[in-house]
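Dear colleague,

Please find below the structure that I am handing over to you. My notes on it follow directly after the sequence and the coordinates.

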Amino acid sequence: MKKIYLLSILFVFSAVSFSQTFLNSNRDKDGRNYFSFNYQPLLTRSVNQITPDWIYDTKAPILSSLKSADVDGDGIKEIIISTYDTTDGNSYGAGLIYILNIDGTDLDGWPLRMVGAPIPATVSIGDINNDDSLELVVGSWNKLYVYDSQGNNVPGFPKNYGTSQTSTLFDLDKDGTLEIIYPSDDKNLYIFKYDGTLLTGWPQSLTELPGSPAVADIDNDGEYEIVAGTFKGPVGPDPFKLYAWEIDGNIINGFPVSLSGVIKSTPAIGDLDNDGTKEIVVISYDDTNDDSLYVFDAGGNLKTGFPVGVRYARLSSPALGDIDGDGDLEILVGGLDNSTEMLYGFHHDGSVIQNFPVPLNHPGSVTNINNSPVIGDIDGDTTSVEIIVKANDYIFAIHQDSTLVNGFPYFIDDENQSATHSPSPLIDDFDNDGDVEYVFASIPGKIHFFDPETAYNKNFEFWNSYKHDMQNTGAIFSIPIFTDVDEINSAVPSEFILSQNYPNPFNPSTKIKFTIAKSPLPGGDGRGGLQFVKLVVYDLLGNEVATLVNEEKPAGTYEVEFDASRLSSGIYFYQLQAGSLIETKKMILLR
């Protein structure tokens, strides 16, 4: 089923970078901003292409995207991806879920084969039944599957509803278990409880197929809402709709809103302008091929500066991140303009990010970008973000000033295969060593893993995979928070201690004290050598909302103040890791 290739050669080719000159901005007949640019060659240079630690060959087509999660509970994340299956010579007869360790081997008991139909959807991962173990949720063309970490069917599943779209997991009713928001090919949007029963008020029937949903508290009422677009197979200019529902199935006032065409990518939700309210970002087809990028508020009102015309962006789900360090979220999306694959970037007011759009020039054929950009710090400078996106046979990694990261673009070879979607990149610190790892996949089924030993700043992990996180929420719940840490006692301790935060509950700030025991490594100050220490705050979803400590420290007792003034009330968890020791505690923000 697999082949692992250890590569030791550097691929060298000529890469041409371009600068762009802004020409004009005007509105088209549909009232959309349309931006014109003139692209001019900037430089030509040879690139020493990065070398993967390993390549795994699934020998099956991949249309889904890569995910990371600690499925086996050993403290190290695995790589999860779903594929078609060609075992019987028919790629439409079955599907597979792969779980790979970071050394390129299969996790025990995996891959798992589902007979009957392929799996183009991305796997969603979460502890749906609150049993302290992760489950995997994915739909094939004919069924909804839910598996435990050992590959066993969870009671109540599978369900006989097919899909090509990705599900979302979220605790909508706040009972401690996750609901499964499932867009089915029967034109219904289902919400299943962990035991396979339906949430009250669901399913909701639509006139067209529901797309992959996103979830967030868009109206600041303390409850979570569900957002999804509609589409059908052939693209077309018919007015397709964007819906937003309360958890009881009632449509939110102001929705649905009609867009310029089918909505084949998933919406993204985040507080773009950092004003305390969230916006909905969505892309739809337009028959002029200047596809439409919309931003709506919680009432379905179009935000000033939108829609924006973005050529051939229909298959690239938008990603959100603070690209320029101004505290706001920018919008990144791929497209195609003048036979050049493009990475577009926009501010919350619809204006273009400086040095964007970025032309993604490479040898060979071009097509519109059909994956989601991801955003995080991969170059080891720990001060700024990079954007990674797949453009046909090449993976591009781009600094926020639009220049290429050293070693990119990386040739991944789709072997002249094409599909509606291709795998989005994945970045993470899988083994919690403070270094970045990244993973790419090709449509023919090869998975490329890299561990470059460059520092990884989790504060800049804005959008590390398709749909943002392992539960595929499609939402940023808060912008990362930065803080300082003080040493309060340098005496050499013998215990690893994470104290309860004080005060608790708190509003808006609290203090966390922790003790790092003496390291077995040598150190000239008598406290042993330095240890890499991380103190991270997570929300109930497992999303990281703040990194309080992320550096090497000697043994001692420390105290850090956590300011949660930009977060909403609720339960949060803080986790301390020093070497191989990990401890987690709960705290409550009560406004």
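Which residue in strand 27 does glycine 335 stand opposite? The residue is methionine 342. Please bear in mind throughout that this is a predicted model.

With strand 27 (residues 340-346), strand 26 runs antiparallel, and 7 bridges join the two. These strands form a hairpin with 2 residues between them, and in this hairpin asparagine 338 takes a positive phi near 55°. Strand 25 (residues 319-321) also pairs with strand 26 in the antiparallel sense, over 3 bridges. Here leucine 320 has isoleucine 331 of strand 26 as its bridge partner.

Strand 13 (residues 179-183) and strand 14 (residues 188-192) pair over 4 bridges in the antiparallel sense. Between these two strands, tyrosine 182 has tyrosine 190 in strand 14 as its bridge partner.

**Salt bridges**

Side chains of opposite charge can pair when their charged atoms come close. The structure holds 16 salt bridges, and I describe some of them here.

Lysine 446 forms a salt bridge with aspartate 57, with 3.9 Å between the closest N and O atoms. This pair links distant parts of the chain, 389 residues apart: lysine 446 lies in strand 35 (residues 446-450) and aspartate 57 in strand 4 (residues 54-57). Lysine 446 has a relative accessible area of 23% and is therefore partly exposed, while aspartate 57 is buried because its relative accessible area is 7%, under the 20% cut-off.

Lysine 446 also meets glutamate 415 in a salt bridge, at 3.2 Å from N to O. That pair is 31 residues apart and again links distant parts of the chain, with glutamate 415 in the loop between strand 32 and strand 33. Glutamate 415 counts as partly exposed, at 38% relative accessibility. Through shared partners, salt bridges join Asp57, Lys59, Glu415 and Lys446 into one network.

Another salt bridge brings together the side chains of lysine 390 and aspartate 414, at 2.5 Å from N to O. Lysine 390 is in strand 30 (residues 386-391), and aspartate 414 is in the loop between strand 32 (410-411) and strand 33 (426-428), so placed that the pair links distant parts of the chain, 24 residues apart. Are these two partners buried or exposed? Lysine 390 counts as buried because its relative accessibility is 2%, and aspartate 414 counts as buried because its relative accessibility is 1%.

With kind regards

Methods: Residues numbered from 1 in each chain as written. Predicted model: local features only at pLDDT ≥ 70, side-chain atom pairs only at ≥ 80, totals over all residues. Heavy atoms only, no water. Salt bridge = Lys/Arg side-chain N within 4 Å of Asp/Glu carboxyl O. Buried < 20%, exposed > 50% of the residue type's maximum accessible area, 1.4 Å probe, protein only. Pairing = 2+ DSSP bridges.
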